[in-house]
Amino acid sequence: MTVCRGCCCGSTRKHPDVDHEGQVDRLRAAIGAEHRVRITDDCLDACERSNVLVVHPSGAGRAAGARPVWFGFVLDDGAVDDIAAWVREGGPGIAPLPPLLDLYVMPAPGPAARR
């Protein structure tokens, strides 16, 4: 999982009521040691949808044809918890995306999608 903290994501200037560090801590605690939360200071080019995170498929998920899933507007604990639960269940290519998470799914932006 990649959590954007570049430019607007993670900005108290843009989202003063969000505990940005708390979100990362919550994700790490919820998905466990078998999954990695990577923080990037590089902008993922989706500032209009901050906070953005990307869930990458596991090896098994990628073998099943899954691609990374991009989430935007991840600004509350409920969204963080729902995404973490999906990752624990297997994530892209393994577990079906819960309907509630469809509200947060976004298309991958141009150049960042090729990283």
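# Close-up views of a predicted model

Figure 1. Phe-71 is buried, with a relative accessible area of 0%. The structure shown here and in the other views is a predicted model. A search of the whole structure turns up one aromatic pair. Its members are Phe-71 and Trp-86, arranged edge-to-face, with 6.0 Å from centre to centre and 75 degrees between the planes. Phe-71 belongs to strand β4 (residues 69–71) and Trp-86 to helix α3 (residues 77–89), so the pair ties together parts that lie 15 residues apart in sequence. Trp-86 is buried as well, its relative accessible area being 2%. A pair of aromatic rings is described by two quantities, the distance of the centres and the angle of the planes.

**Figure 2. The open sheet of five strands.** The strands follow the order β2-β1-β3-β4-β5, and their pairing is mixed. Strands β2 and β5 (105–106) stand at the edges with a single partner strand each, so one side of each has no neighbour in the sheet. Between β1 and β2 the pairing is parallel and runs over three bridges. Val-3 stands opposite Ile-39, a residue of β2.

Figure 3. Rolling a probe the size of a water molecule over the atoms shows where empty space is left. The structure holds one cavity of 30 Å³ or more, and the volume of the largest cavity is about 50 Å³. Its lining consists of Val-3, Arg-5, Gln-23, Val-24, Leu-27, Asn-51, Val-52, Leu-53, Val-74 and Val-80. Helix α1 gives the most to this lining, with three residues. Sorted by class, the lining residues of the largest cavity are seven nonpolar, two polar and one charged.

**Figure 4. The peptide bond between Ser-50 and Asn-51.** The bond from Ser-50 to Asn-51 is cis, and its omega is near 0 degrees. Most peptide bonds are trans. Asn-51 sits in the loop between β2 (38–40) and β3 (53–55), and Asn-51 is also one of the residues that line the largest cavity. The C-alpha atom of Asn-51 is separated by 8.7 Å from that of Ser-11, although the two residues are 40 residues apart along the chain. Ser-11 is in the loop between β1 and α1. With a relative accessibility of 9%, Ser-11 counts as buried.

Figure 5. Most residues other than glycine have a negative phi. Cys-7 has a positive phi, near 60 degrees, and Asp-45, also not a glycine, has a positive phi of about 60 degrees. Cys-7 is part of the loop between β1 (2–4) and α1 (20–31), whereas Asp-45 is part of the loop between β2 and β3. Are these residues buried or exposed? Cys-7 is exposed, with a relative accessible area of 53%. Asp-45 is partly exposed, with a relative accessible area of 38%.

**Figure 6. The second largest pocket.** This pocket contains about 170 Å³ of space. Met-1, Ile-31, His-35, Arg-36, Val-55, His-56, Pro-57, Ser-58, Val-87, Gly-90, Gly-91 and Pro-92 line the second largest pocket. By class, its lining has six nonpolar, five polar and one charged residues.

Methods: Residues numbered from 1 in each chain as written. Predicted model: local features only at pLDDT ≥ 70, side-chain atom pairs only at ≥ 80, totals over all residues. Heavy atoms only, no water. Phe/Tyr/Trp six-rings, centres within 6.5 Å; stacked < 30°, edge-to-face > 60°. Helix = DSSP H or I, 4+ residues; strand = E, 2+ residues; numbered from the N terminus. Buried < 20%, exposed > 50% of the residue type's maximum accessible area, 1.4 Å probe, protein only. 1 Å grid on protein atoms, 1.4 Å probe; cavity = no way out; pocket = protein on both sides within 12 Å on 5 of 7 lines; lining within 4 Å. Points joined across faces, edges and corners; volume = space filled by probe spheres on them. Nonpolar A, V, L, I, M, F, W, Y, C, P; charged D, E, K, R; others polar. Pairing = 2+ DSSP bridges.
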